[in-house]
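I opened the sequence and the model side by side and kept notes as I went.

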Amino acid sequence: MKGKPQQIYYIKVKTTSNSSFPERLQYAMDVRDFTQQTLAERIFVARTTVNGYCTGYRMPSCELLRSIAIVLNVTTDYLLGLDDCIKIY
C-alpha cells in the first residue's frame, strides 16, 4: 500500500526583488537550519567555498548551483532572484 503523498506548501519569502544570491542562499540555509559546513559537506566542496558564496566573493558553477538547490530544496530560480517562493514540506 502506498503512503499518503506529502503536502507541499509554497511560501512567499520576505525578500525584495533585488535580493542578491548571497542573501537568498543564506535565507534558504537558515530555513533548513544548515551551517556553511553542513552545506559544504552535502555539495562536496570546502567550507571556505560556501563562505565565498555567502559573502558574494564567489558564484557557484551551474552544476554546483543545481546541487545547492537540490540540497536546500529550493529552485534555482529562487536562488537567482527570478522567483520569490520556496517550498516547505
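**Entry 1: ground rules.** I am working with a predicted model, in which local features need pLDDT of at least 70 and side-chain atom pairs count only at pLDDT 80 or more, while totals for chains, interfaces and linings use all residues. I number residues from 1 along each chain as its sequence is written, and side-chain values use heavy atoms, with hydrogens and water left out.

**Entry 2: the whole chain.** I looked up the secondary structure and found five helices and two strands. Helices here are DSSP runs of H or I with at least four residues, strands are runs of E with at least two, and both are numbered from the N terminus. Along the sequence I read the pattern β-α-α-α-α-α-β.

I then looked up burial. Of the 89 residues in the chain, 34% are buried. Buried means under 20% relative accessible area, exposed means over 50%, and partly exposed lies in between, with a 1.4 Å probe and protein chains only.

Next came contacts, meaning heavy atoms within 4.5 Å. Among the contacts in the chain with a separation of 6 or more, 60% join residues 24 or more positions apart.

**Entry 3: helix 1.** Which residues of helix 1 are buried? In this helix, residues 21-31, I noted Phe 21, Pro 22, Arg 24, Leu 25, Ala 28 and Met 29. They sit on the same side of helix 1, because they cover an arc of only 165° around the axis. The arc is taken from the directions from the helix axis to the C-beta atoms.

After helix 1 comes Asp 33, with a positive phi near 60°.

**Entry 4: helix 4.** I repeated the search for helix 4 and listed Leu 64, Leu 65, Ile 68, Ala 69 and Leu 72 as buried. Their arc around the axis is only 140°, so they too lie on the same side of their helix, here helix 4. Cys 62, Glu 63, Arg 66 and Ile 70 are exposed on the other side of helix 4. The cover over the buried residues of helix 4 includes helix 1, helix 2, helix 3 and helix 5.

**Entry 5: helix 2 with helix 3.** At what angle do helix 2 and helix 3 pack? I noted about 115°, with the axes 8 Å apart. The axes are lines fitted to C-alpha atoms, for helices over the stretch in contact, and angles run from 0 to 180 degrees between N-to-C directions. That makes helix 2 roughly perpendicular to helix 3, a term for angles of 65 to 115 degrees.

From helix 2, Gln 36, Gln 37, Leu 39, Ala 40 and Ile 43 meet Arg 47, Val 50, Asn 51 and Cys 54 of helix 3. I sorted the residues of this contact into five nonpolar, three polar and one charged. Nonpolar covers Ala, Val, Leu, Ile, Met, Phe, Trp, Tyr, Cys and Pro; charged covers Asp, Glu, Lys and Arg; polar covers the others, Gly among them.

**Entry 6: helix 2 with helix 4.** For helix 2 and helix 4 I found an angle of about 115° and axes 10 Å apart. Leu 39, Arg 42 and Ile 43 of helix 2 make the contact with Leu 64, Ser 67, Ile 68, Val 71 and Leu 72 of helix 4. The residues of this contact divide into six nonpolar, one polar and one charged.

**Entry 7: positive phi in loops.** Most residues other than glycine have a negative phi, and I looked for exceptions. Phe 44, in the loop between helix 2 and helix 3, has a positive phi of about 65° although it is not a glycine. Phe 44 is exposed, with a relative accessible area of 76%. Asn 73 belongs to the loop between helix 4 and helix 5.

Entry 8: Is Gly 81 buried or partly exposed? Gly 81, in the loop between helix 5 and strand 2 (85-88), counts as partly exposed because its relative accessibility is 22%. Gly 81 and Phe 21 are 60 residues apart along the chain, and their C-alpha atoms are separated by 7.0 Å.

Asp 84 is placed in the loop between helix 5 and strand 2. At 17% relative accessibility, Asp 84 counts as buried. The C-alpha atoms of Asp 84 and Arg 24, 60 residues apart along the chain, are separated by 9.4 Å.

Terms used. Angles under 35 degrees count as roughly parallel, over 145 as roughly antiparallel, 65 to 115 as roughly perpendicular and the rest as oblique.
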